[in-house]
Amino acid sequence: MKKDEIIKSLNTIIMEAIESRASDIHLNPDQNGGEVKYRIDGKLKKISRFDSVFDFKKHVSRIKEMFHGDMEINLLPQDGKIIIKVNDKQYDLRVSVFPTVDGEKATLRILDKLNITFDYDRIFCLKEDLAEIKNIVSKPNGLVFVSGPTGSGKTTTLYSMVNDFAKRESCMVLSVEDPVEYNLEGVMQSQVDEKIGKTFPAMLRSTLRCDPDVIMAGEIRDEKTLELLIKIAVTGHYVLSALHTADIKGSLSRLMEISSHAYMLSASLLALVNQRLLRKPCKHCSKKYKPSDAEAKSFGVKNKKSLKFVDSVGCEKCHFTGYMGRVAIYEIMTLDKGIKDLIVEGDKKMIDSYIDENVITFSKKIGEYLEKGLTTVSEAGRVLGDVL
Ligand SMILES: [Zn+2]
């Protein structure tokens, strides 16, 4: 392929990804060329392939040229940013080029600034979840953790809560992130850069000298930073962060392990939120059906006459996946005196049974999602299979 053909071909790959609502574009090399995959609603889909190693390499080179990467380097990872306009809308692409044994792989994450919502009403689709979150952000201080695996929408939930504080005149909101993905109005956002000593702990300590009311820290994986967050919350700040744990029990036991003073954790911990993302059936092709008594019962739904579930079908508009868009499902625990006392006592068994009795779990909520047609039985099984 000639240079102008490469440019045109790459532009088409990017434009079609945006039109398909993809979040990521993957250009994966192999011994005969390479393939193009899009991630749509969290799932990878093969789009096309190159049967020429030369053409594939040229595409990756063009990407490097676009983010002003070093054209001479092809054995080390590189990353950068590309800003493009499609249909008069601006898109930021976060690009990473990664050396594999078959050549360089390029990944482009599409950050669609206009399409992202931090509105509670669109994020929390159950009334009781919305009410509980609004109650949590009405408190003056405390520590809130959002948990879930990678790609479960934790950042969106954190941003929606931070956005609420940022709108208040009385709130000084600071964030330490790795990296900053979206610019939030009214939030002083900063980015971690380990190479020059801007580590999470160093940055968090500095934020305290900026007189903040609310601090958001990105996903925290190391113990030192977690303990620091607890200390910051104890001193009267509102602290929001994410944990890479599978459920509320896991989050609490992790926090108890790292916290050298159980009473400090107990005093500062305000709420634990756990979440997953479920794909929504495509509105153009999905079909309603009457579930059997056994199926309704297995999701805790009463099989009344009018009960209908939705099944995915697949059409051109949803790339024959049967789904379009995603919806979050939550488990939320606001800590009351009962559990706070148990944390101080450190009785893990009692804590687990307290959580079992008091938290409305995914398995108790999924029935309502199915009744409302927000997702399908097979998607519920795929995402929540291990916890239902
Ligand atoms: Zn469809």
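**Loops and backbone angles**

Mentor: N87 is exposed, with 8 other C-beta atoms within 10 Å. The model is predicted, so local features need pLDDT of at least 70 and side-chain atom pairs count only at pLDDT 80 or more, whereas totals for chains, interfaces and linings use all residues. Residues are numbered from 1 along each chain as its sequence is written.

Trainee: Where is the place of N87?

Mentor: N87 sits in the loop that links β4 (78-86) to β5 (89-100). Strands (E, at least two residues) and helices (H or I, at least four) are DSSP runs, numbered from the N terminus.

Trainee: What is the phi of N87?

Mentor: Most residues other than glycine have a negative phi, and most peptide bonds are trans. N87, which is not a glycine, has a positive phi near 50°. D41 also has a positive phi, of about 50°, without being a glycine. D41 belongs to the loop between β2 (33-40) and β3 (43-50).

Trainee: Is D41 buried or exposed?

Mentor: D41 is buried, because 22 other C-beta atoms lie within 10 Å.

Trainee: Which peptide bond is cis?

Mentor: The bond from D178 to P179 is cis, with omega near -5°. P179 is in the loop between β8 (173-177) and β9 (187-191).

**Domains and sheets**

Trainee: What does the domain assignment give for the chain?

Mentor: Domain bounds come from an automatic or database domain assignment. Here that assignment gives domain 1 (3-111) and domain 2 (120-277 + 327-360). Taken over C-alpha atoms, the centres of domain 1 and domain 2 are 34 Å apart.

Trainee: How is the order of strands in a sheet to be read, and what is the order in the open sheet of 6 strands?

Mentor: Strands of a sheet pair through backbone hydrogen bonds, either parallel or antiparallel. Two strands count as paired if DSSP finds at least two bridges between them. The open sheet of 6 strands runs β3-β2-β1-β6-β5-β4, with antiparallel pairing. Its edges are β3 and β4; each has a single partner strand, so one side of each lacks a neighbour in the sheet. The twist averages 20° from one strand to the next. Within this order, β1 (residues 22-30) pairs with β2 in the antiparallel sense over 8 bridges, and D24 has R39 in β2 as its bridge partner.

Trainee: Which strands does helix α1 lie across?

Mentor: Helix α1 (residues 3-19) lies across β1, β2, β4, β5 and β6 (103-111), at about 140° to β1. Axes are lines fitted to C-alpha atoms, for helices over the stretch in contact, and angles run from 0 to 180 degrees between N-to-C directions.

Trainee: What is the pairing in the open sheet of 7 strands?

Mentor: The pairing is mixed, in the order β9-β8-β10-β11-β7-β12-β15. The edge strands β9 and β15 (323-334) each pair on one side only. Strands β10 (residues 214-219) and β11 (residues 238-243) pair in the parallel sense over 5 bridges, and A217 has S241 in β11 as its bridge partner.

**Cores and a helix face**

Trainee: How many residues has the largest nonpolar core?

Mentor: In soluble globular proteins, nonpolar side chains tend to be buried together. A nonpolar core is a set of buried Ala, Val, Leu, Ile, Met, Phe, Trp, Tyr and Cys residues joined through C-beta atoms within 7 Å. The largest one has 64 residues, and those with the most contacts inside it are L143, L158, V162, A217, L229 and V239. Strand β12 (residues 269-281) supplies the largest share, 6 residues. Another core lies apart from it, with 19 residues, among them V60, A106, L108 and I110.

Trainee: Which residues of helix α11 are buried?

Mentor: In α11 (residues 337-345), I339, L342 and I343 are buried. They cover an arc of only 105° around the axis, which means that they are on the same side of α11; the arc is that of the directions from the helix axis to the C-beta atoms. The face turned away from the buried side of α11 carries the exposed residues K337 and E345. The buried residues pack against α8 (248-258), α9 (262-268) and α12, where residues are in contact if their C-beta atoms, placed from the backbone, lie within 7 Å.

Definitions and conventions:
Buried ≥ 20, exposed ≤ 12 C-beta atoms within 10 Å, placed from the backbone. Contact = placed C-beta atoms within 7 Å.
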